[in-house]
Amino acid sequence: MKITFPHMGNMHIAIKALMEGLKLEVVPPPPISKRTFELGIKNSPEFACMPLKINLGNFIEALENGADTIVMAGGWGPCRFGYYAQVERDILEDLGYKFKMIVLESPDSKIYDLTNQLKSLGKNVSLWEAIKAIKYGWSKLNALELVERQFDYYLPRVWDKNRVEKINDEAAVKIDEAANKTEAQEAALEAITEMRLLDLKMHQPLKIGLVGEIYTLLEPAANYDICRLLGRMDVEVSRSTYLTEWLNDHLMKGWVKKSNRKQLIAVAKPYLNYEVGGHGLETVGHTVQYARMKHDGIIQIGPLTCMPEIVAQSIIPSISEREDIPCMTLWFDELSGTAGLNTRLEAFADMVKRQKIRTNNYMKEA
Amino acid sequence: MRVGIPRSLFYYYYYPLWKTFFQDLGAEVVTSDWTNRLTVEKGIESAVDEACFPIKVYYGHVRELCSKSIDYMFIPRLVSVESRSYICPKFMGLPDMIKAALHDLPSVIDITIDVSKTNKFLNRDIISVGNIFTNNKNRIKEAYHHGQYELRKCKELCRDGYNISEAIRIWDGEQLVAHSTYNLNIGVLGHGYSLYDQTISMNLIDRLRKMGCRVQVVETLDRNSIEAKAAEIPKRIFWTLGRKAFGSALFMEGQKEIDGIIYLACFGCGPDSMIGEIIERKIKSKPFMMITVDEHTGEAGMVTRLEAFCDMLTRRKVAANEDYISTHG
């Protein structure tokens, strides 16, 4: 059994660790490239949202590399992600690939569906070894995020942006190669110390909150690396979603670390009063939170036609008005053109900067 | 007291229930006009660009009602109308979306209808809506039951070959002539609120009828056989309308008298992008056409496609007696 899975940011490093701990052979899809997009777009339904197209491209490339089992997440709506696995299986089967698909989701009626799926994944190991594997994967994820958070802090502040990016990328590779928890943590700490030694600019960067749909937020290939684009414009980005937080909220029901989801739902209240699937409610909640945490602006991102994000987008203007914060929504689809994106980001950053200067002067006069 | 009901979205499924309910409680029910150019223009102005066409049209209807001096606007939050299924995320946020975009709204009645897990809260919410008009709990319950009775009566009309929108019009007192002669039999699928709205669907059903087709829709088919067909897929479809469309498509494929199937989708519709794909991959023995519409009004393009489809079906019918013609390439 050679297992593959879709890409989402740095998730492949953690999953690889987890699967290796379960003594399974893994064939991660090659990094998302132009070819991945092309394969995905060619074979997906035209109006499907972009994550499905990238997933499909990942799967095709992995199957070409010899994978024979696909592990995919599922769900029960209302977001269409819950039906991804079914559509993807139909498409891949029609393309003539031979594979087995394991969909991890809470079962509809028969609980043994899920236990069977999990058993087939963990048949080589004891329960104790499985727990160890999960812990190992989790520790890598934590180490990666530790570096990422520092990277987000230093990128807008340092002079040498290339250097800090290089440190971050190298740390990711080292953590991927780490054989145990201590090695992963050491690699993370080493990178962070190195970042601390860099020369800093003498200014307070703009602070922009990045909210939206989880895949677009976490996968740099899906958002043209918007975090780095902004960082290079001396804008500090507060990411609303980190993978560990999301897993903690949704899979582990908040018992691994403290969750602020309840608070999020509470602040979203006057604007959006009901769960709308996907990350709609979280987007609205984060927008309000960032506004109250005195960020300079907010950017919402999502894949084009994403239903929950459209609900959030419709509501964000009223938040922008009442909480007094500039907001912008960016949709991503398979059309690649970073120049347009860059211009819009620059314009937004300039606008936010001027407004900040204006309010500061106004406060000085008063 | 005047209650406004936008003539859009789930008007096309539940109007008899809502109207009876509010009328029995002593309110006057006001609806907006049928969707027209003005509704569409107003809607596009108010809604975000990325929203799907029916949602934009809904904004237009709400704006029209705002100018009709009503006391309450009825914008239900339809999360789920049956167990373990949803409608669409946009319906779940609809009252909030409308409130965020339009400022001169009358008081909004935004009852949450969510029976996906339990319908315990539904009764409580219905009473709380009824309390706006009366304190008599029994009267509210009676009004609701009367509404459900009227809705059932309306749905029975569908067995005579009317679609639900026509059934509602007949129920509301209109006279409609049933079409009797036809030479083609076409199954038409899609979300009711786009299919039966004559502006959104560009009059698709009537156009087909004028071309001499008998149109079969979800409501004219047997409900149980649709559900049985929909259950054939490995994973239950969790969108109510999507599941029905899928079940109907498979059912129609098995019916000998149906010549072809048309699926009307709206641009940007999430469920349709998946359901359309699954149907297209499953249906191999009947001609299938997917039409996507949005707010751009190019009727000619659609007419051409419909004509071509019907011509193809007619030829296929003639040729079928002589030789087999593949449905796809």
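**Exercise 1. Which residue in β6(A) does A:Leu206 stand opposite, and how do β5 and β6 of chain A pair?**

Step 1. A:Leu206 faces A:Val235 in β6(A). The model is predicted: local features need pLDDT of at least 70, side-chain atom pairs count only at pLDDT 80 or more, and totals for chains, interfaces and linings use all residues. Residues are numbered from 1 along each chain as its sequence is written, while chains are lettered from A and ligands numbered from 1 in the order in which they are written.

Step 2. Strand β5 (residues 206-212) of chain A pairs with β6(A) in the parallel sense, over five bridges. Strands are DSSP runs of E with at least two residues, helices are runs of H or I with at least four, and both are numbered from the N terminus. Pairing requires at least two DSSP bridges between two strands.

Step 3. These strands belong to an open sheet of four, ordered β6-β5-β7-β8 (chain A), with parallel pairing. Its edges are β6 (235-239) and β8 (327-332) of chain A, each of which pairs on one side only. From one strand to the next, the twist averages 25°.

**Exercise 2. Describe the packing of α6 and α7 in chain A.**

Step 1. The axes of helix α6 (residues 127-154) and helix α7 (residues 161-177) of chain A come within 10 Å and cross at roughly 180°. Axes are lines fitted to C-alpha atoms, for helices over the stretch in contact, and angles run from 0 to 180 degrees between N-to-C directions.

Step 2. α6(A) and α7(A) are therefore roughly antiparallel (over 145 degrees; under 35 is roughly parallel, 65 to 115 roughly perpendicular, the rest oblique).

Step 3. From α6(A), the contact includes A:Lys140, A:Leu144 and A:Phe151; from α7(A), it includes A:Val164, A:Asn168 and A:Ile175. Contact means C-beta atoms, placed from the backbone, within 7 Å.

Step 4. Nine residues of this contact are nonpolar, one is polar and one is charged. Ala, Val, Leu, Ile, Met, Phe, Trp, Tyr, Cys and Pro count as nonpolar, Asp, Glu, Lys and Arg as charged, and the others, Gly among them, as polar.

**Exercise 3. What does chain B bring to its contact with chain A?**

Step 1. The contact takes 30 residues from chain B and 34 from chain A.

Step 2. In chain B, β4 (77-80), α4 (89-92), α5 (94-101) and α13 (270-282) each supply at least two residues of the side touching chain A. α13(B) gives the most, with eight residues.

Step 3. By class, the chain B side has 16 nonpolar, six polar and eight charged residues.

Note on methods
Contact = placed C-beta atoms within 7 Å.
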